[in-house]
Amino acid sequence: MDFSAGPLPERRVDIDLAAIRHNVRHIADIASPARVMAVVKADGYGHGAVPVAKAALEAGATWLGVAHISEAVELRRAGIDAPVLAWLHTESSDFAAAIELGVDLGVSGWELAHVVAEARRLERPARVHLKIDTGLGRNGCPPEKWESLLGQTLQHQEEGLLRVVGVFSHLAVADEPHRAENDEQIQRFRDAVAVAEDAGVDLEVRHLANTPGTLSRPDAHFDLVRIGLGLYGLSPFEGQSSIELGLRPAMSFRTTVANCKEVPAGHGVSYGFAYRTEKRTTLGLIPVGYGDGIPRIAVGAPVTIDGRIYPVVGRIAMDQFVVDFEATGLVDTEESPLGHEVVIFGDGNGTPTADDWARASGSINYEVVTRISPRVTRRYVDSEATS
Ligand SMILES: *Cc1c(COP(=O)(O)O)cnc(C)c1O
């Protein structure tokens, strides 16, 4: 992290905390009266878990969500005391730390014994959200075991070893809102909640929707929506941009042109000579590669330099890739672009987007931002700061 105003980091992602706050407020309006859990797993999808969590809470999120207990511990160590839920455990997860730090635990089955053992040892009740598998086929209790899980859990609640705070599940195809499986999952979730409440569980929160579910299915909102991608201003829908959804991408990735030189027609570019220049031209060297989290497969992805778009040519290497300044016939390189700013992706206002890189790499915007490596300096900016 770098808050200083010193020389520009050579490779930098700027994260606009004002964009995060805007996105939270926008989604909170859509979800209301359901509340917003800001999902900051995987270091806040590469944006930095702690600064994003703080910005999201400032803007009205009331819960935080992470996959791992260790990620929740990081939030607590940073002084964040909002409710936090962690939902993906192994037998080596530190359930004791979670209980001691008041971190809520997702439980699908086998975890219950571990959680209860630690609660007994610490003489402190765990806070538990039971997860029902409504069809996704990953974590979650199979419906036929739900009553038995509820029975065991309620028994432990009576012993004072835990408190059941929530019931939750996760959608599989919410990015395709019209698929019938969404209706099936919502119905199965309703059924599981009803069974839990009939069994005598007093639930604080029922939660099912991720970002696409929240934006497209009001009937999936329940008490709480778990927002990851939307928090970062990205669209979960094929064919619908951030701007169309009223979201602002928070991350922009920049560097500077590291070398610039004229080469003759037919000159090879990068490993394997997968690209050769068509005519005498100027090549620009961009000093980021797969070691910085750029997908190696994303040949043809756009970058902007001096307001113009250039596609990546030749293979992307660990540390660098190349653009051909004159292949598109656009540039007069009288003035050398050496040292000029390169925007790899940004908010889409005159910049490429994470969606462009997702398309070029056969992936999704989630992966593009999350995989930016620690070699790239994160900087936090606030486009709404007044001073
Ligand atoms: C990652 C995750 C989310 C957030 O999903 P988005 O589509 O990024 O909003 C919500 N719930 C669970 C269980 C998750 O693992």
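Please keep in mind that the model is predicted.

**The sheet**

Let us start with an open sheet of nine strands with mixed pairing. Reading across the sheet, the strands come in the order β11-β14-β17-β16-β15-β18-β10-β1-β19. The edges belong to β11 (259–263) and β19 (377–381); each has a single partner strand, so one side of each is left without a neighbour in the sheet. On average, and with direction ignored, neighbouring strands of this sheet are turned by 35° against each other.

Val-312 has Val-323 of β17 as its bridge partner.

A helix also packs on the sheet: α1 (residues 17–31) touches β1 (11–16) and β19. The direction of α1 makes about 40° with that of β1.

**Two packed helices**

Two packed helices are described by the angle between their axes and the distance between the axes. Here, helix α7 (residues 146–158) and helix α8 (residues 180–198) pack at an angle of about 35°, and their axes are 10 Å apart. Their crossing is right-handed. On the α7 side, Trp-146, Glu-147 and Leu-150 make the contact, while α8 brings Ala-192, Val-195 and Ala-196. Among the residues of this contact, five are nonpolar, none is polar and one is charged.

**Around the ligand**

Which residues surround the ligand? They are Lys-41, Tyr-45, Trp-87, His-170, Asn-210, Thr-211, Pro-212, Arg-226, Ile-227, Gly-228, Leu-229 and Tyr-366.

| Residue | Polar atom in | Distance to a ligand oxygen atom |
|---|---|---|
| Tyr-45 | side chain | 2.6 Å |
| Tyr-366 | side chain | 2.7 Å |
| Gly-228 | backbone | 2.8 Å |

**Two backbone spots to look at**

Most residues other than glycine have a negative phi, and most peptide bonds are trans. Against that background, two places are worth a visit. The peptide bond from Ser-32 to Pro-33 is cis, with omega near 10°. You will find Pro-33 in the loop between α1 and β2 (35–39). The other place is Ala-42, which has a positive phi of about 50° although it is not a glycine. Ala-42 sits in helix α2 (residues 41–45).

Conventions. Residues are numbered from 1 along each chain as its sequence is written. This is a predicted model: local features need pLDDT of at least 70, side-chain atom pairs count only at pLDDT 80 or more; totals for chains, interfaces and linings use all residues. Side-chain values use heavy atoms; hydrogens and water are left out. Two strands pair if DSSP finds at least two bridges between them. Helices (H or I, at least four residues) and strands (E, at least two) are DSSP runs, numbered from the N terminus. Axes are lines fitted to C-alpha atoms, for helices over the stretch in contact, and angles run from 0 to 180 degrees between N-to-C directions. Contact means heavy atoms within 4.5 Å. A crossing is left-handed if the near helix is turned anticlockwise from the far one by less than a right angle, and right-handed if clockwise. Ala, Val, Leu, Ile, Met, Phe, Trp, Tyr, Cys and Pro count as nonpolar, Asp, Glu, Lys and Arg as charged, and the others, Gly among them, as polar. A residue is near a molecule or strand if one of its heavy atoms lies within 4 Å of it. A polar contact is a pair of N or O atoms within 3.5 Å; within protein, one must be able to donate a hydrogen and the other to accept it, and residues adjacent in sequence count only if both atoms are side-chain atoms.
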